[in-house]
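Subject: Structure handover

Hello,

Please find the structure below, with the sequence. My notes on it follow.

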Amino acid sequence: MEIVLVGLNHRTAPVEVRERVSFTAEQARRASEELRSRGLLEETLVLSTCNRSEVYGVPPESSHETAPGLSNFLSEFHSVHIDVLGVSLYHHYDREAVHHLFRVAAGLDSMMLGEAEILGQVREAYRVAHEQGATGPVLNRLFQGALEVGKRVRSETELGARPMSVASAGVRLAERIFGKLHKHAALVLGAGTISEQVIAQLRDRGIARLLVMNRSQERADGLAKQHGGEALRWGDWERALPLADVIVSSVATEEPVLLRDMLERAMAARGNHALFLMDLGLPRNIDAAVGKLYNVYLYNMDDLSDIVEQNRRARESEIPKADGIVDEHVGKFLSWQASVELVGVLEELRSKMREERAEFIRSRVDTLRHLSEADRAHLEKLMDEMLEGLLLAPAQRLRGEKDLRRKIQNVEALRDLFLARRGKP
Amino acid sequence: MHYGFFILTVAAYGLSFALYLLFLNTGKALTGRLATLLLAGGMVAHYFALLARSRGLHTVPYHDLSGSMSLFGWLLALTYLALEFYHRQRSVGALVLPFVLVFFVAAHLAPADRLSPTEAHGTSFALHVTLSILAYSAFALSFVLSLIFLVEERLLHGHKLRDVVWRLPPLDLLEQMSQSSVLIGLVSFGIGTALGFLWVDRLSHKYSFYDPKYAVTLLLFVSYAVYFRLARTTGWRGARASKLCVLNFLIVFLSFTVVNFYFSPSHRFF
């Protein structure tokens with residue numbers, strides 16, 4: 001009952017390799033089927049995100065023997081030469097594989113520390129594999145544990161609590177002023193990548209009304225249509241500015257686009273309702289004097305970058321707490337695994353002892369001829385009871401062992417000493 | 001006899017305060033719910049403490065300084081709890097509970113009153129006093145909320161984002177909560193004052209009423225009505241309205257202390 005993991009991620013592989021080795025949902029299903037049909041794995045699960053492709057499995061043979069076969073499989077499946085792939089792949093076995101997965105689910109292994117999406121991706125990968133029948137008792141337990149770790153880290157630490165991009169930091173700041181955005185309007189000036197990122201964040205946070213302005217009306221129309229907003233004519237400030245509670249500006253300009261007197265008029269028109277402005281342009285798009293107006297909150301790129309940096313430090317300070325949760329659950333999983341292993345080892349040992357006993361009686365049959373059939377059966381029963389008695393005390397001690405490391409070592413020792421070992425070399 | 005209730009109340013309020021603080025720090029929903037539960041528990045114990053004291057002294061709880069302060073604390077907790085449920089916001093609990101606790105403990109330590117009972121009595125008088133104290137507690141709550149608003153607004157305006165800014169309620173919500181609180185205060189103040197004038201009418205044949213409390217009450221009513229109007233409909237919304245609310249509370253404080261003690265013959269502790 002060993003676990004093997006073969007994969008690559010943003011730390012070990014450049015994006016060119018990662019994109020070649022990523023799995024679509026259909027490919028993940030097919031790979032799972034092939035891995036099992038080829039007998040490489042008994043249980044399997046493919047986890048593929050934009051930053052990682054990983055295959056988790058329970059091999060029929062020693063996990064160390066299975067790993068090279070899995071590497072070759074990935075190379076063949078994605079038609080990437082093993083020499084290219086080999087340098088990027090990592091292999092983890094048993095404890096390390098469990099630890100790795102739990103860190104992944106916690107967001108500790110993500111490119112953006114503590115990102116929330118990974119837990120959903122792990123959940124989805126598990127759902128697909130489970131529905132396909134590719135998982136069994138080990139991977140079921142493993143991934144249920146991973147999901148629990150992810151949930152606990154999110155609820156008990158602040159690892160994922162703070163925004164880590166300028167766009168999300170800005171939108172979260174707007175929420176500090178307005179609360180939920182579902183009754184508010186946002187005006188986005190510019191139609192570039194940054195504007196798109198902010199719009200995505202605003203939509204994600206439920207902004208009620210989205211207005212887009214851009215020098216190129218065509219691009220404004222396109223962006224507004226794409227995100228369910230309204231495009232306004234560039235320069236129609238008297239109409240646009242009073243409508244918005246949040247204004248985001250990211251346009252290429254030498255001079256500020258929004259001046260103090262324009263915003264003064266807008267504030268008067270909107271009855272001094274609070275206004276939040278994000279100036280994401282370089283050079284700045286909004287006159288700095290606007291920030292002095294009553295009930296106006298102006299944040300530029302530097303201000304927001306400072307917040308992101310503060311948040312990054314705050315997230316990093318949560319790593320030890322998150323690692324503690326991961327370690328706790330790794331311990332729980334290994335304890336469960338050792339208990340299951342113990343049952344199996346004891347069963348094997350019992351069966352082997354019975355075989356030995358039968359062989360012993362067979363080999364000594366001549367010396368036992370004077371015994372009747374009933375006596376021999378009675379003797380066999382007594383020997384079985386004696387063997388069972390021999391096993392009972394160590395089995396009870398092993399079951400009750402609190403020290404996980406010692407428990408695993410003892411189960412391993414039992415297997416090594418008394419059974420033909422099929423495990424690690 | 002009511003010493004047991006005193007201990008119970010202090011313990012429940014104290015624990016509730018600790019949990020509200022923890023909730024403010026961690027944002028864990030369960031901690032917040034437990035804090036609310038303990039606050040409700042504390043209020044029940046506080047109610048029985050008030051009841052036991054009233055029975056012991058054969059008088060209403062607001063007859064002396066101690067009872068009046070204790071009732072103020074209880075009504076402050078009640079108003080806060082109502083706002084917490086209505087606005088679904090627990091983050092300010094940690095900043096309100098200390099006031100509740102201080103008023104309750106101070107009431108316990110306050111010296112016994114030796115003044116003779118007033119001539120006014122009965123349900124309408126009880127309602128007059130209770131509603132007036134409820135109004136004071138609601139105004140006190142709006143004062144706390146306005147202070148939080150001003151601090152948070154200053155931090156946001158000055159780009160000095162500390163951890164606490166991410167924990168406190170949004171500015172918009174703080175304003176709404178403060179306005180709700182003032183509305184509770186205005187309504188109870190209006191009804192309470194009207195009931196008070198019933199007693200002025202009843203006792204006018206015996207006494208001549210030139211009580212400065214009337215002028216202060218009128219000033220308070222107008223000040224809070226002006227705040228309510230400005231905060232909702234004009235360019236004063238935001239920090240200016242919050243500053244006005246803080247200033248208004250200074251009048252409440254003066255009315256509750258200096259005016260009552262030194263200038264008002266018919267109002268002592270309410």
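Domain bounds in these notes come from an automatic or database domain assignment. On that basis, chain B splits into domain 1 (1-117) and domain 2 (120-270). The contact between them draws 23 residues from domain 1 of chain B and 24 residues from domain 2 of chain B, two residues being in contact if their C-beta atoms, placed from the backbone, lie within 7 Å. On the domain 1 side, the elements that give two or more residues are helix H3 (65-87) and helix H4 (93-109) of chain B; helices (H or I, at least four residues) and strands (E, at least two) are DSSP runs, numbered from the N terminus. H3(B) gives the most to this side, with 11 residues. The residues of the domain 1 side comprise 16 nonpolar, 6 polar and 1 charged. Here Ala, Val, Leu, Ile, Met, Phe, Trp, Tyr, Cys and Pro count as nonpolar, Asp, Glu, Lys and Arg as charged, and the others, Gly among them, as polar.

Conventions and confidence

This is a predicted model, in which local features need pLDDT of at least 70 and side-chain atom pairs count only at pLDDT 80 or more, while totals for chains, interfaces and linings use all residues. Residues are numbered from 1 along each chain as its sequence is written, and chains are lettered from A and ligands numbered from 1 in the order in which they are written.

The mean pLDDT (the predictor's confidence in each residue, from 0 to 100) of chain B is 85, and 87% of its residues score at least 70. For the complex, the predictor gives an ipTM of 0.82 and a pTM of 0.73.

Interface between the chains

Contacts between the chains involve 13 residues of chain B and 14 residues of chain A. On the chain B side, helix H5 (122-157) and helix H7 (171-203) are the elements that give two or more residues. H7(B) has the largest share, 3 residues. By type, the chain B side divides into 6 nonpolar, 5 polar and 2 charged residues.

Chain A overall

Chain A holds 16 helices and 10 strands. Its radius of gyration, taken over C-alpha atoms, is 32 Å, well over the 22 Å from the globule rule (2.2 Å times the number of residues to the power 0.38) for 425 residues, so chain A is more spread out than a compact globule. The C-alpha trace spans about 115 × 45 × 30 Å along its principal axes. The assignment for chain A lists domain 1 (4-161), domain 2 (166-306) and domain 3 (329-418). Between domain 1 and domain 2 of chain A, the C-alpha centres are 41 Å apart. Of the contacts in chain A with a separation of 6 or more, 72% are between residues 24 or more positions apart.

Buried residues make up 38% of the 425 residues in chain A. A residue is buried if 20 or more other C-beta atoms lie within 10 Å of its own, exposed if 12 or fewer, and partly exposed in between, with C-beta atoms placed from the backbone.

Local features of chain A

- Helix H10 (residues 217-226) of chain A has Ala220(A), Leu223(A) and Ala224(A) as its buried residues. They cover an arc of only 100 degrees around the axis (taken from the directions from the helix axis to the C-beta atoms), which puts them on the same side of H10(A). Glu218(A), Lys225(A) and Gln226(A) are exposed on the other side. The buried residues of H10(A) pack against helix H9 (193-204), strand E6 (209-213) and strand E7 (230-232) of chain A.
- Leu282(A) and Pro283(A) are joined by a cis peptide bond, with omega about 0 degrees. Pro283(A) sits in the loop between strand E9 (275-279) and strand E10 (296-300) of chain A.
- Asn295(A) lies in the loop between E9 and E10 of chain A. Asn295(A) is not a glycine, yet has a positive phi of about 65 degrees. Asn295(A) counts as buried, with 22 C-beta neighbours inside 10 Å.
- Asp94(A), in helix H5 (residues 94-106) of chain A, is also not a glycine and has a positive phi of about 45 degrees. Asp94(A) counts as partly exposed, with 18 C-beta neighbours inside 10 Å.

Regards
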